[in-house]
Amino acid sequence: MRILLVDDSSTMRRIQKTQLDGLGITDVLEAENGEHALRQIADHMPIDIVLLDWNMPVMDGITTLQNIRSNSAYSGIKVIMCTSESEKTKVVEALKNGANNYIVKPFTPEALKEKVLG
Ligand SMILES: [Mg+2]
């Protein structure tokens, strides 16, 4: 399983990477914004799951999601939006735009396991 972590916070990416490692998932790519994420996807398909931050410079999460979903070659990618507690109301918008699921930050290894492997 190959996962792409997209977050402008390197600390957040490091935490997520460590949590995934604990689940035995070591094929993990990173991107610091949406534009970088789209390049990573283009260069490293097949990708199974994208963990997608909402607020990022250059290209935010919802725009990135729309870009992914506009490409039929990427229809197999599962997109999980990573939202803060205050952004939970925006989840409906993400689901309408083709997100598969969401997870509220900061998340526990158990919550991540359920979303990624569940
Ligand atoms: Mg962010």
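**Figure 1. Pro-109 in helix 5 of the predicted model.** Pro-109 is placed in helix 5, where helices (H or I, at least four residues) and strands (E, at least two) are DSSP runs numbered from the N terminus. This is a predicted model, in which local features need pLDDT of at least 70, side-chain atom pairs count only at pLDDT 80 or more, and totals for chains, interfaces and linings use all residues. Residues are numbered from 1 along each chain as its sequence is written. Pro-109 counts as partly exposed because it has 14 C-beta neighbours inside 10 Å; a residue is buried if 20 or more other C-beta atoms lie within 10 Å of its own, exposed if 12 or fewer, and partly exposed in between, with C-beta atoms placed from the backbone. Leaving out residues up to four places away in sequence, Pro-109 touches Gln-19 and Gly-22, contact being defined by C-beta atoms, placed from the backbone, that lie within 7 Å. Although Pro-109 and Gly-22 are 87 residues apart in sequence, their C-alpha atoms are 8.0 Å apart in space.

Figure 2. The bond from Lys-105 to Pro-106 is cis, with omega near -10°. Pro-106 belongs to the loop between strand 5 (101-104) and helix 5 (109-117). The bond from Met-45 to Pro-46 is also cis, with omega near 0°, and Pro-46 is found in the loop between helix 2 and strand 3 (49-53).

**Figure 3. Val-58 and its positive phi.** Val-58, a residue other than glycine, has a positive phi near 70°. The loop that holds Val-58 runs between strand 3 and helix 3. With 13 C-beta neighbours inside 10 Å, Val-58 is classed as partly exposed.

**Figure 4. Ile-41 and its surroundings.** Ile-41 is part of helix 2 (residues 34-44). Ile-41 counts as buried because 23 C-beta neighbours lie inside 10 Å. Apart from neighbours within four places in sequence, Ile-41 is in contact with Leu-4, Ile-47, Ile-68 and Tyr-74. Between Ile-41 and Arg-2 there is a separation of 39 residues in sequence and of 11 Å in space, C-alpha to C-alpha.

**Figure 5. The packing of helix 2 against helix 3.** The axes of helix 2 and helix 3 (residues 61-69) come within 9 Å and cross at roughly 30°; axes are lines fitted to C-alpha atoms, for helices over the stretch in contact, and angles run from 0 to 180 degrees between N-to-C directions. Helix 2 is therefore roughly parallel to helix 3, a term for angles under 35 degrees. From helix 2, Gly-34, Ala-37, Leu-38 and Ile-41 meet Gly-61, Thr-63, Thr-64, Asn-67 and Ile-68 of helix 3. By class, this contact has four nonpolar, five polar and no charged residues; Ala, Val, Leu, Ile, Met, Phe, Trp, Tyr, Cys and Pro count as nonpolar, Asp, Glu, Lys and Arg as charged, and the others, Gly among them, as polar.

**Figure 6. The setting of these views in the whole protein.** The protein has five helices and five strands, which follow the pattern β-α-β-α-β-α-β-α-β-α along the sequence. The C-alpha atoms fill a box of roughly 35 × 30 × 25 Å, taken along the principal axes. Of the 118 residues, 28% are buried. Among contacts with a separation of 6 or more, 60% are between residues 24 or more positions apart.

Methods. Contact = placed C-beta atoms within 7 Å. Parallel < 35°, antiparallel > 145°, perpendicular 65-115°, else oblique.
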